[in-house]
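Here is a friendly walk through a protein model, written for someone who likes to know the cut-offs behind each term. Please have the viewer open as you read.

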Amino acid sequence: LASRLDIPLTADVVHIDESAVSRFQPNLRDEPYLHTKLDDDPEYEVLRISTNAQGFRDVDHVQRREPGTLRVAFVGDSFVFGMDVKAADTIPALVRREFKTRRGADGREVEVFNFGLPGLNAEGMGRVTQIFAAPFTPEVVVYSFISDDVSRTDVVTWQSWMHDWGATIDRLPDALGAWLRNEGLVRYKMLRYQFDTAVFRLFPSLYASRVETICTFWDELARQAGHRVVVMDFSRFPPATEALRACQAARPDRFTLITDF
């Protein structure tokens, strides 16, 4: 999977608007997400995706919540989006299916949302919550977390670079401009991920401070919108888990950490 992440999205399935959150074109139906570059891999099956009216890999939801319904919004990176798995096998879909067999703990119906986007960092997840998830008034927002989510570089900043540098790139020779658009900046994004992660591994206290900043951002959003935060820690990185546990200890009534899957 890591080797596939530096291959750009197919341009005709990518969508960016005034929200500045890069996501998929709305209302896609069974469109190939990746590309033909992996045709030499006999084990690789092209991932096909469908999206809702907002450009997420989910069904459409009405904004008004039905009385007696518990809403749970999953917001995250490729773990929530479901990289390399079919829509029916994503984490939100599995949770949705589980709750169809039994109601929530208090007997309410449960409505599950998938706001996952590949390449999203922790700050980007907060922006997605603020712009897209919060209007649906979820009572629980579930974030995914891996060690490089603390990086300040993600798919959103990549799109802002393309916006800022697009006119300059257009003036370059076709071959160079095409490489920069399709691979150059994306490869820089991946190198930046690796650099940021290496720095945080060298300075655990800096890493812990960054995680606390992220937790504070998520907590402020939760206070404003009135939901609870749940974090799924996929990092397998002890400093990350320790920092997230500190976040939970400071906010026991609003913050739940899941580490055992």
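## Ground rules and salt bridges

A salt bridge here is a side-chain nitrogen of Lys or Arg within 4 Å of a carboxyl oxygen of Asp or Glu. By that rule, the structure holds ten salt bridges. The model is predicted, so local features need pLDDT of at least 70 and side-chain atom pairs count only at pLDDT 80 or more, while totals for chains, interfaces and linings use all residues. Residues are numbered from 1 along each chain as its sequence is written, and side-chain values use heavy atoms, with hydrogens and water left out.

Side chains of opposite charge can pair when their charged atoms come close. Take Glu-111 and Arg-71, whose side chains meet in a salt bridge at 2.8 Å, N to O. This pair links distant parts of the chain, since Glu-111 sits in strand 6 and Arg-71 in strand 5, 40 residues apart. Helices (H or I, at least four residues) and strands (E, at least two) are DSSP runs, numbered from the N terminus. Arg-71 is buried, with a relative accessible area of 1%; buried means under 20% relative accessible area, exposed over 50%, and partly exposed in between, using a 1.4 Å probe and protein chains only.

Compare that with Glu-66 and Arg-64, which form a salt bridge with their closest N and O atoms 3.9 Å apart. Glu-66 is partly exposed at 45% relative accessible area, and Arg-64 is exposed at 59%.

## A charged network

Which residues are linked in a network of salt bridges? They are Glu-212, Asp-219, Arg-223, Arg-251, Asp-253 and Arg-254. Within this group, Arg-223 forms a salt bridge with Asp-219, the closest N and O atoms being 3.3 Å apart. The two residues are four apart in helix 6, so about one helical turn separates them. Arg-223 counts as exposed at 56% relative accessibility, whereas Asp-219 counts as buried at 8%.

## The disulfide

A disulfide is a pair of cysteine sulfur atoms within 2.5 Å, and the structure holds one. Cys-215 and Cys-247 form the disulfide, with their sulfur atoms 2.4 Å apart. The pair joins distant parts of the chain: Cys-215 is in helix 6 and Cys-247 in helix 7, 32 residues apart. With 95 degrees about the S-S bond, the link is right-handed, and both cysteines are buried.

Is strand 7 enclosed or open? Six of its six residues are buried, so strand 7 is largely enclosed by the rest of the structure. In a regular strand the side chains alternate between the two faces of the sheet. Here Val-140, Val-142 and Ser-144 point one way from strand 7, and Val-141, Tyr-143 and Phe-145 the other way.

Two strands pair if DSSP finds at least two bridges between them. Strand 5 and strand 7 run parallel and are joined by four bridges, with Val-140 as the bridge partner of Val-72. Strand 7 also pairs with strand 8 in the parallel sense, over six bridges, and there Val-229 is the bridge partner of Val-141.

Val-140 itself is buried at 17% relative accessible area. Its C-alpha atom is 6.6 Å from that of Arg-71, 69 residues apart along the chain. Contact means heavy atoms within 4.5 Å; leaving out residues up to four places away in sequence, Val-140 touches Arg-71, Val-72, Ala-73, His-227, Arg-228 and Val-230.

## Nonpolar cores

In soluble globular proteins, nonpolar side chains tend to be buried together. A nonpolar core is a set of buried Ala, Val, Leu, Ile, Met, Phe, Trp, Tyr and Cys residues joined through side-chain atoms within 4.5 Å. The largest one has 42 residues, of which Phe-115, Val-128, Phe-145 and Val-211 touch the most other members. Among the elements that each supply at least two residues are strand 6 (109-116), helix 3 (122-133) and strand 7 (140-145). The largest share, seven residues, comes from helix 6.

A second, separate core of twelve residues includes Val-72, Phe-74, Val-112 and Val-230.

## Confidence

The pLDDT is the predictor's confidence in each residue, from 0 to 100. The protein averages 81, and 77% of the residues score at least 70. Over residues 1-11 the pLDDT is below 50, and this stretch has 24 contacts in the model beyond near neighbours in sequence. Where pLDDT is low, the predicted coordinates should not be read in detail.
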